Amino acid sequence: MNTSDETTLLERFKSRISAGEKIEPKDWMPERYRKQLIRMISQHAHSEVVGMLPEGNWITRAPSLRRKISLLAKVQDEAGHGMYLYSAAETLGVDRRELIEQLLSGQAKYSHIFNYPTLNWADIGVIGWFVDGAAIVNQTMLAKCSYGPYSRANLRICKEENFHKRQGYEIVATMAAGTTEQREMVQDAVNRWWWPSLMMFGPSDNESPNSAELLRWKVKLHSNDELRQRFVDLTVPQAQAVNITLPDSELRYDKKTQHWNFGKINWEEFWNVVKGNGPCNRERMAARQKADNDGAWVREAAVAYTMKQRMNR
Amino acid sequence: MKNGSDHGTKNVLVEFLLRLGDDRLILGHRLSEWCGHAPILEEDIALANIALDLLGQASAILHLAGDVEGKNRTEDDLAYFREATQFKNLQLVEQPNGDFAFTIARLFFFSTFNNLLCDVLQKSSYETLAGIAAKGFKESSYHLRHSKEWMLRLGGGTEESHRRMQNAVNELWRFTGEMLVFDEVETELQRLNTIPDLSTIASQWSGAAAAVLTEATIIIPFRQKDSGQAGNHAVSGSRHGFHSEYLGHLLAEMQILARSYPDAKW
Amino acid sequence: MATKDMFGEGELWEVFIQKETGAPHEHAGSIHAADSELALQNARDVFARRGEVVSLWVVPANCITASSPDDSGPFFDPADDKIYRHPQFYHVPKAVKGM
C-alpha cells in the first residue's frame, strides 16, 4: 500500500470516527488504533479475571446462604466478563492464549485495585459499592466507544453488573445499621478502599500517556479526571445515606461547580502498586499461574480427545 | 403427609431433609472453591453454575427442614450453627477437591445419584418436597451431562488425564457405597407414603456409573466391603453424623463469621 | 490450526442465541472449547445463565465467511434503489383500510 492510499484511508477512518460510526473488525484501522485497543481491552479482561481472586477469598466464609449465593454469582460474572472482553480483543487478530500468557509472564497489566487484600467481610460490600461503582462509570462510557465489539461487550457487562453494585451496597447498608463491630468493619473497609478506588480511573490526563490519543479516536469519551469526578459525586451522597465517613478531610461540596472537591491522591502509592509492589501482587499472580499450570493437563486432554474422535470418524 | 403432626414422623422427615440439604450444601461449598482457579475460564463459570444450583437446592431444603422441625430454625441456623457431628451429608461430598479429575469424578458419582433420587422424589406425595425435587431433577440432569462429558474426555484424553481419572475413581470408590444405602429413615418415610420407593436407585446407579466408566475406558473398582484390604474399606456412618476430619475444617471456615457474631444480621 | 489448538484454549466458537421461540437466532458472543459438545455446554453456561435463552447454536468461528468492508459499495448498494420492494411505493385510496 503506498502512502497516498494510506492517507486516504486514514482520512476516511477519521471522518467515520467523528461521524460517530462504529469501527468493525474487518474495517481498515490505523495500526496504532488496533494496538491501543488490544492493550486496553486485554488489560480490562485481565482485570476481570484477577478481580475474581480478592472477592473469591470470601465465598467460603460468607455469613449466610443468601450472601454466599450472590457472591458466588457475582464472582462468576467476572469470569464471564473476562471472556466477553477476551473475545472482543480476539476480533483484532490476537489469540486468547497469547493474551493470557502476557498476563502470566507479567508483561501485561491489570487494574491495580485487585492487589489490595480483602481483610474483613465488609470489604466484599465495599468492593461492590466502590470498585464496581467505579467500573460501571468507566464501562458506561466504554459501551459508547468507537470499536464495535468492545462497545457491545461493555454494554452486556453493564447490563449484568447492575446487581453487583447493589449487592455490595446492600451489604454495606445492612452492616452500617448493625452492631458496633459491624459498623467498625464497614468503616475500616471504607478507609482502606476509598483512595485506591479513586486511583482506578488512572492518573490525571495530562500525565496519562495514552489519554489524548484514545480520546481523539473516541475509544474514550471522557477524561480520567471527569470520570473520577463523576464517581465521587455519585458516591458521597451514598456514603452519607448510611452514615459512613469517607476518609478525606478535604471533601467539600462546591455550590458553584455543583461538584464534590476532594483531596490529593497519592500517585506514588499507585505507581508502586502498578510496578508490582502492592500488598498482594505476588499472591494474585501466583494464584493465576497455579490455576493455569494445574489446568494444563485438562486442556490438553480435551484437545487430545477431540483429535482422537475426529480420527476415528 | 399431614406435615408432621405425629412426632416420630416429623423426626424422620427432618432427618431425611437434613441428609438431602447437607449433601447439597457441602458439595456446593466444595465446588465454589474452584471459582477463580479452574483449568479454563469457561470451566470457572460451569462449576460455579453447578455450585449455585446445589446451594439453591440446599437453601430450599434446609428451609423446609427448619419449618417441619418447628423450632424456629432458619436455613442459616442449620447451615451455620450445627456441629460437624450434626451434619448428615455423605463423606463423598466433604472430601477436599483434589485435582480436576477428582472433582469431576465426584461430581459425576453424586450427580448420577442426585438425578435418580430427584426423579423418584418428584413423584413424592409431599408436594413441597416434590416441587424441590422437580427443580433438582432438571438441574442435576445438566450436572450429569457436564460431568459425564468430562469423564469421557479425561478418561480418553491423554495418558496423564487417564491416569489421573483412574486414580480419582479408585480413591472415590469407597465413598460411593454408603450413598446407595437407605436405612430406617427412608424406609419409614416410604411406609408412610411420604416418599416413593427408593430401592431401585442402587442398581440403577451402578448400571449408569458402569456404563460411563466403561465408555471412559476406566476400570471399575471392586466393592471392597469385605475384602479385608487395609485402607480400602467402604466408609459408612455419615448419615448418622460420622465424618472424615475434613468436614470440621470445612465448617470452621464456612461458619467462622456467622459464629463470631451470632447476633449480627448480614 | 492444529498446532494452535495445542496451546490449550481450544477452538473459538461463535454463539447464537434465540430468546423466545419464533424469534431469530442472534449473535451473542464467542467462547472457547475443544469440541462441539463442550462448546454447547460452555455457551449455555455463559450466555444462558440468566435464563433468557430457549435455543443455542455454536459455530466454529473459522467456518464463518463474512463479507468484506470493501464490498460494501458494489455488494449492497444495488438493493438500495429497489423502492418497489417497500409497501410505501404503492398508492392506495385513503379511505381503504387494512392495506
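Contact means heavy atoms within 4.5 Å. The model discussed here is predicted.

Q: Which residues of H8(A) do A:Val172, A:Met175 and A:Ala176 in H7(A) meet?
A: The H7(A) side of this contact is A:Val172, A:Met175 and A:Ala176. Across from them, H8(A) supplies its own set. That set is A:Gln182, A:Arg183, A:Met185 and A:Val186.

Q: How many residues of the contact of H7(A) with H8(A) are nonpolar?
A: Val, Met and Ala count as nonpolar. The contact also holds 1 polar and 1 charged residue. The nonpolar residues number 5.

Q: Are H7(A) and H8(A) roughly parallel or oblique to each other?
A: Helix H7 of chain A spans residues 148-176, and helix H8 of chain A spans residues 180-199. Their axes lie 8 Å apart, at an angle of about 135 degrees. Angles over 145 degrees count as roughly antiparallel, and 65 to 115 as roughly perpendicular. The angle therefore makes H7(A) and H8(A) oblique.

Q: How many salt bridges does a search of the whole structure find?
A: The search runs over all chains. The total is 43.

Q: How many residues apart in sequence are the parts that A:Glu55 and A:Lys74 tie together?
A: The side chains of A:Glu55 and A:Lys74 form a salt bridge, 2.5 Å from N to O. A:Glu55 sits in helix H3 (residues 52-56) of chain A, and A:Lys74 in helix H4 (residues 65-90) of chain A, so the pair ties together parts of the chain at a separation of 19 residues.

Q: Are A:Glu55 and A:Lys74 buried or exposed?
A: Buried means under 20% relative accessible area. A:Glu55 and A:Lys74 are both buried.

Q: Which helix holds A:Asp292, the partner of A:Arg97?
A: A:Arg97 and A:Asp292 meet through their side chains in a salt bridge of 2.8 Å, N to O. The two are 195 residues apart, with A:Arg97 in helix H5 (residues 96-104) of chain A. A:Asp292 belongs to helix H12 (residues 281-312) of chain A.

Q: What is the relative accessible area of A:Asp292?
A: The cut-off for buried is under 20%. A:Arg97 counts as buried at 4% relative accessibility. A:Asp292 is buried too, at 13%.

Q: Why does the pair of A:Arg97 and C:Glu9 join two chains?
A: Their side chains meet in a salt bridge of 3.0 Å, N to O. A:Arg97 lies in helix H5 of chain A, while C:Glu9 lies in the loop between helix H1 (2-5) and strand S1 (11-18) of chain C, so the pair joins chain A and chain C.

Q: Which residues do salt bridges that share partners join into one network?
A: A:Arg97 has salt bridges with A:Asp292 and with C:Glu9. The network joins A:Arg96, A:Arg97, A:Glu101, A:Asp292, A:Arg299, B:Glu42 and C:Glu9.

Methods. Residues are numbered from 1 along each chain as its sequence is written. Chains are lettered from A and ligands numbered from 1 in the order in which they are written. This is a predicted model: local features need pLDDT of at least 70, side-chain atom pairs count only at pLDDT 80 or more; totals for chains, interfaces and linings use all residues. Side-chain values use heavy atoms; hydrogens and water are left out. A salt bridge is a side-chain nitrogen of Lys or Arg within 4 Å of a carboxyl oxygen of Asp or Glu. Helices (H or I, at least four residues) and strands (E, at least two) are DSSP runs, numbered from the N terminus. Buried means under 20% relative accessible area, exposed over 50%, partly exposed in between (1.4 Å probe, protein chains only). Axes are lines fitted to C-alpha atoms, for helices over the stretch in contact, and angles run from 0 to 180 degrees between N-to-C directions. Angles under 35 degrees count as roughly parallel, over 145 as roughly antiparallel, 65 to 115 as roughly perpendicular and the rest as oblique.
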